[in-house]
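Me: I am new to this structure and would like to learn how to read it feature by feature. Could you take me through it slowly, giving the general idea before each case?

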Amino acid sequence: MVDIPYDAIAGVPPAEVPDVELYHPRSWWTRYVFSQDAKVIAVQYALTASAIGLVALVLSWMMRLQLGFPGTFSFIDPNQYLQFITMHGMIMVIYLLTALFLGGFGNYLIPLMVGARDMVFPYVNMLSYWVYLLAVLVLASTFFVPGGPTGAGWTLYPPQAILSGTPGQDWGIILMMASLILFIIGFTMGGLNYVVTTLQARARGMTLMRLPLTVWGIFTATVMALLAFPALFVASVMMLFDRALGTSFFMPSLVEMGTLSKYGGGSPLLFQHLFWFFGHPEVYIVALPAFGIVSDLISTHARKNIFGYRMMVWAIVAIGALSFVVWAHHMYVSGMYPYFGFFFATTTLIIAIPTAIKVYNWVLTLWRGDIHLTVPMLFALAFIITFVNGGLTGLFLGNVVVDVPLSDTMFVVAHFHMVMGVAPILVVLGAIYHWYPKVTGRMLNDPLGKFHFWVTFLGAYMIFFPMHYLGLLGVPRRYYELGEAAFIPPSAHSLNAFISVVALTVGFAQMVFLFNLAWSLFKGKLAGGNPWRATTLEWQTPETPPGHGNWGKDLPVVYRWAYDYSVPGAKEDFIPQNQPPATPSARGALP
Amino acid sequence: MSAIILFLAVIATIVGWWLSQQRLTAKPWLEEGPIDDFPGTGAMTSPAAKIGLGVFLAVAGCLFTLFISAYSMRMNMADWRALPVPKLLWFNTGVLVLSSVALQWAYLAARRNDIDGVMLGLLAGGAAAVTFLVGQLLVWQQLIVAGYFVASNPANSFFYLLTAVHGLHLMGGLAALGKTTARVWRSTEVTEVQLSVELCTIYWHFLLLVWLVLLGLLTGWTDNFVDICRRLLS
């Protein structure tokens, strides 16, 4: 454990930490494989999440092939289609986005940005990754067990999730629950690190209000995840009991394949409450790190301080708190007590206020900024537009009367892909272009990056914009084939084919990105320590990539907030957080 | 879901109180320079392990409260038949109280710098905790013999589920207690192990608290209280 001794009188950490406090790797294995260094763990998390994310990407191609050209591909049958949508959703939401933002970016950025040498519990942090890897392997193994993975839809609603007739009823569903339970255990280990490191290991002078918004976003999201994932844990354990031991927590009396099942009296609604009590905060667990990161990208690449920093922090905290009281807006058509709908529609609309504040502040940060259209900035700008688009359709679906006819249509699919699929992924990509030079010491190739950006950005719109229209027509989601329905015109079928072609093209652009990642690792332009001329601490490390212990002999001391860009009268257009003030009289500038 | 909302409200109050001490209304863009002018706004000064335990207990508390939420929703369904409470449960509860008292004793001994007292307290606490676990298994056995199987009624299912989760939670604590005992065995200075003993004690008191709440729920003692809360909230 990297406990920092404190100066009892001043109540602040000393500038220097004795070397004996740090964990030191002694062999190749403990340096690169069973490493306790947060930076290595971050890369391990990111690579594992990307690998399983690629599987989910391929699954989406399969779905699109079927939807675009029904009947053409004999290797996709209805059961497989259901398995593909289930695994695609579950992998993307939990095993890719959550793991990448918190396990990947959290591990890399928190210690560096707060000025710590490492996470506070390095051993637990290492365990966190290995348990996560195990969860991923258990999940992936379901493709190879008898019956294949579960096809219950990513929400895994009982009773159908564990009844015969749903694909993966034998092993798929059991292993899915086991994998989720493992994921939550692994995440909790990591989450404890992210929270306690932010609370306890900040460098001298790093008050909460001097934290970069990236850390605020990841920190708040982690607190939320620590409180929300237990709901999924409880739901998974109880469902496992229902499936394996024949209990009836969620299972009502029903006739299964012509015979009365052993179950009786359970409440499927109870599962939905538990699932969405996790599921809605999960949206913000993915969104808040994206909000934080995009704030830093915009400020850095527009060479301007973030507009309304305080309001940004308050908005993050407010969104974090409010997101726990909106869950039942996913359940308007579930048959729950109807007046609940009124309450949850109200809270849902209220949460739009702090979110809108953030959007205004991003736009006002850009206003009269010195905007550099670098690849990270392009992704950040694309995020703002996409998030606004996805957010607006959220207002539609948050209202009961509009949601009821749109439920289970492609409109919902388009909405959540825009707001928590495309938008966070744009931030992930932008963040990779932004921090890759720090992680590897080399820049990513710029023309390839721009190609990747434009294909991804325009492609995503060509995929998901028409999908809203399909939803308004009434095209249902999760259907293997649309068949001959009177309300679906032939143009809907051609639109589906168009979407599929674009989806494959966007998928191809991601291969270009992967090539760029690999190629630049060896051939990329040398980045130097601070290629973006950024203020935050991770760019001020003595070595790039940062060495073991991050900071050399002395820990950084923080004298200012994270957004001193284009300060009038300053020599450079940025002042690093650890640069002492020019004159001591600056202290007089207190409010 | 009112139990979990109530629990989160408590957490939110604590977090809100703490945040209110952190000068969230500061204007950081004007505060260039000073690093120590506002004591208490820097990094927390408690040991990381202690803060970590606090956060972990909040997560564990959340988990148990969610189980309780599920319990209170499911028990209102028509098929719920409460199961008889085996007498042994009271004995087990007594043993768990003793375990907690022993750990408190160890903690006080650590503060007195009495390493033998620490060892005694830890061993007694551990032994009592193991006795509790064995007792819980016996309770399961008695129920099975009496025909109360896990799947025969949701009340039974919850009984087994909640006692199992609490048992696992206790086993996790026993692992930490074992490690601490080994460290006490090796060390001569109480100061080296004082923090570990304190953390074990906090964990044990939490375990006891959770168990008392679960016991109230499983024996139906808190039914009236739950009813009143439900009426107040609806």
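Me: Where in chain A does A:P545 lie, and which residue does a cis peptide bond join to A:P545?

Reply: As a general idea, most residues other than glycine have a negative phi, and most peptide bonds are trans. In this predicted model, A:P545 lies in the segment that follows α14 (490–523) of chain A, and a cis peptide bond with omega of about -5° joins A:T544 to A:P545. A cis bond is also found from A:P158 to A:P159, with omega near 0°, and A:P159 has its place in the loop between α4 (122–141) and α5 (172–200) of chain A.

Me: What is the phi of A:R368, and is A:R368 buried or exposed?

Reply: The general point to keep in mind is again that most residues other than glycine have a negative phi. A:R368 is not a glycine, yet its phi is positive, at about 60°. This residue is found in the loop between α9 (338–366) and α10 (375–398) of chain A, and because 9 other C-beta atoms lie within 10 Å, where 12 or fewer is the cut-off, A:R368 is exposed. In chain B, B:N113 has a positive phi near 70° and is likewise a residue other than glycine; B:N113 lies in the loop between α3 (88–112) and α4 (115–145) of chain B, and it counts as exposed because it has 12 C-beta neighbours inside 10 Å.

Me: How many residues does α14(A) have, and what distance does it reach from its first C-alpha to its last?

Reply: A way to read a helix is to set its end-to-end reach beside the span expected at 1.5 Å a residue. For α14(A), with 34 residues, the reach is 49 Å, close to the expected 50 Å. The buried residues of α14(A) include A:I499, A:V502, A:V506 and A:F513, and the buried residues of this helix pack against α2 (38–68) and α13 (446–473) of chain A.

Me: Which residues is A:A231 in contact with, leaving aside its neighbours within four places in sequence?

Reply: The idea here is to look past the neighbours in sequence and ask what else is in contact with the residue. A:A231 is found in helix α6 (residues 213–245) of chain A, and because 29 other C-beta atoms lie within 10 Å, A:A231 is buried. Apart from neighbours within four places in sequence, A:A231 is in contact with A:L274, A:F277, A:F278 and, from the other chain, B:L66. A:A231 and A:G279 are 48 residues apart along the chain, while their C-alpha atoms are separated by 8.9 Å. For another such pair, A:F343 and A:G549 are 206 residues apart along the chain, with 50 Å between their C-alpha atoms; A:F343 is found in helix α9 of chain A, and A:F343 is partly exposed, with 14 other C-beta atoms within 10 Å.

Me: How many residues of chain B are in contact with chain A, and which helix of chain B gives the most to that side?

Reply: In general, the size of an interface is often given as the accessible area lost when the parts come together. Here the description is by contacts: 52 residues of chain B are in contact with 62 residues of chain A. On the side of chain B that touches chain A, α1 (2–20), α2 (48–74) and α5 (154–186) of chain B each supply at least two residues, and α2(B) gives the most, with 14 residues. The residues of that side divide into 36 nonpolar, nine polar and seven charged.

Me: What is the radius of gyration of chain A, and how many helices and strands does chain A have?

Reply: The radius of gyration can be set beside the value for a compact globule, which for 591 residues would be near 25 Å; chain A has 24 Å, which agrees. Chain A has 14 helices and two strands, and its C-alpha atoms fill a box of roughly 80 × 50 × 50 Å along the principal axes. Buried residues make up 55% of the 591 residues in chain A.

Me: What is the mean pLDDT of chain A, and where in chain A is the pLDDT below 50?

Reply: Where pLDDT is low, the predicted coordinates should not be read in detail. The mean pLDDT of chain A is 92, and 95% of its residues reach 70 or more. The pLDDT is below 50 over residues 1–11 of chain A, a stretch with 27 contacts in the model beyond near neighbours in sequence, and also over residues 16–20 of chain A, where there are six such contacts. For chain B the mean pLDDT is 92, and 99% of its residues reach 70 or more. The predictor gives the complex an ipTM of 0.95 and a pTM of 0.94.

Notes:
Residues numbered from 1 in each chain as written. Chains lettered and ligands numbered in written order. Predicted model: local features only at pLDDT ≥ 70, side-chain atom pairs only at ≥ 80, totals over all residues. Helix = DSSP H or I, 4+ residues; strand = E, 2+ residues; numbered from the N terminus. Rg over C-alpha atoms; globule rule 2.2 N^0.38 Å. Buried ≥ 20, exposed ≤ 12 C-beta atoms within 10 Å, placed from the backbone. pLDDT = per-residue confidence, 0-100. Contact = placed C-beta atoms within 7 Å. Nonpolar A, V, L, I, M, F, W, Y, C, P; charged D, E, K, R; others polar. Expected span 1.5 Å × (residues − 1).
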